[in-house]
Amino acid sequence: MEYEKRLPVRLGMPAVQKPVLRQVHNGRDFLNIDGETRFPMLYIPGLYDFVNNKYTLKAAEIGYRDFAAAGVNQGGIAIMPDLYCLDEGKYDWSKVDDMFEMAIRANPGIQLLVEISVIPPPWFERKHLGEMEKAYFGKSLRTVPRSGPLGSELWLQVSNQLLKDFVEHVENSSYAHHVFAYNPMGGQSGEWYWPGSVYGGFTGYSDGTTKSFRNWLRLKYDNDPQRLQKAWNKEALSFETVEIPPPEERMRKDGNGVFLDPVQHQHLFDLRQYKNDRTFLNIEENSRTIK
């Protein structure tokens, strides 16, 4: 490549020594790294080949060097839990270390944003299949694999432990000073979508989600079943018998599909608010764990 033909004698810049700050310059957001204003541009390679189910490092290494030669020393590195977590509480950090060392070898002064995928490793899916999110696609109810089940209390606990152990490993490593930020990426696609919704499914039908939805309703209605019954217009309804509204109700065929009547559709309002609250809770707890 052209950049490879004219690499500078010394790649990169000194790694991060001071806290990173957000800086507004001419009305635009920038990063302040080690006292220098940097445009928030970075190279984030796709390290995982989803077609062949394997990690690829060579192309990423070339990319880091190309961007360094072009004067971009900020890079990203994406880490998935199956790379290091073999089982609950059992880790192998060798592949994680290899990835960081590859990036530093490509650019000795690289400054890294670490994207941590908050999705269950294979052992969690095997042991806790009922916690994995389920979604309706037409009439078919399917478990959504390789996605963070945002409604699961168990997964929230496990994900926080995974993040804690991962960050502790990185911060105690020889390459810790190359890291300027961490970005937790959960739900589906790493963008905090509820699993299945990306592909048009009606999501939220796992055991874990049903349980946490019922607990959310208990808090909202002060554990008073009569208040719940009045809001949902359903006699004899209890917190123990509440179910996620079925897809045919969530399709909102009545009216114009935008505005809902809170008297008739409070159960849909509650489901939407619950999902918003759960998404925020996962992001907040994961971020707090990292900090």
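**Around isoleucine 77**

Modeller: Leaving aside neighbours within four places in sequence, isoleucine 77 is in contact with Leu47, Tyr64, Met99, Phe100, Leu112, Leu113, Val114 and Glu115, where contact means heavy atoms within 4.5 Å. Bear in mind that this is a predicted model, where local features need pLDDT of at least 70 and side-chain atom pairs count only at pLDDT 80 or more, while totals for chains, interfaces and linings use all residues. Residues are numbered from 1 along each chain as its sequence is written, and side-chain values use heavy atoms, with hydrogens and water left out.

Biologist: OK. Where does isoleucine 77 lie? And is isoleucine 77 buried or exposed?

Modeller: Isoleucine 77 lies in strand 6, residues 74-79. Helices (H or I, at least four residues) and strands (E, at least two) are DSSP runs, numbered from the N terminus. Isoleucine 77 counts as buried because its relative accessibility is 0%. The cut-offs are under 20% relative accessible area for buried, over 50% for exposed and partly exposed in between, with a 1.4 Å probe and protein chains only.

Biologist: How far apart are the C-alpha atoms of isoleucine 77 and aspartate 224?

Modeller: Those two C-alpha atoms are separated by 48 Å, and the residues are 147 apart along the chain.

Biologist: Let's zoom out. How many helices and strands does the protein chain have?

Modeller: The protein chain has nine helices and 13 strands. Its C-alpha atoms fill a box of roughly 75 × 45 × 35 Å along the principal axes. Of the 291 residues, 47% count as buried. Taking contacts between residues at least 6 apart in sequence, 67% join residues at least 24 apart.

Biologist: And how much accessible surface does the protein chain have?

Modeller: About 15600 Å², with 52% of that belonging to carbon and sulfur atoms. Accessible areas come from the Shrake-Rupley method with a 1.4 Å probe, and for residues only the protein chains shown count as cover.

Biologist: Switching to charges. How many salt bridges does a search of the whole structure find?

Modeller: Ten. A salt bridge here is a side-chain nitrogen of Lys or Arg within 4 Å of a carboxyl oxygen of Asp or Glu. One of them pairs aspartate 87 with lysine 127, where the closest N and O atoms are 2.8 Å apart. Aspartate 87 is in strand 7 (residues 85-87) and lysine 127 in helix 4 (residues 122-127), so this pair ties together parts 40 residues apart in sequence.

Biologist: How accessible are aspartate 87 and lysine 127?

Modeller: Aspartate 87 is partly exposed at 25% relative accessibility, and lysine 127 is partly exposed too, with a relative accessible area of 48%.

Biologist: What about arginine 278 and glutamate 153, what do their side chains form?

Modeller: They meet in a salt bridge, 2.4 Å from N to O. Arginine 278 belongs to helix 9 (residues 262-290) and glutamate 153 to helix 5 (residues 153-171), so the pair ties together parts 125 residues apart in sequence. Arginine 278 is buried, at 5% relative accessible area, whereas glutamate 153 is partly exposed at 36%. There's also a network of salt bridges linking Glu284, Glu285 and Arg288.
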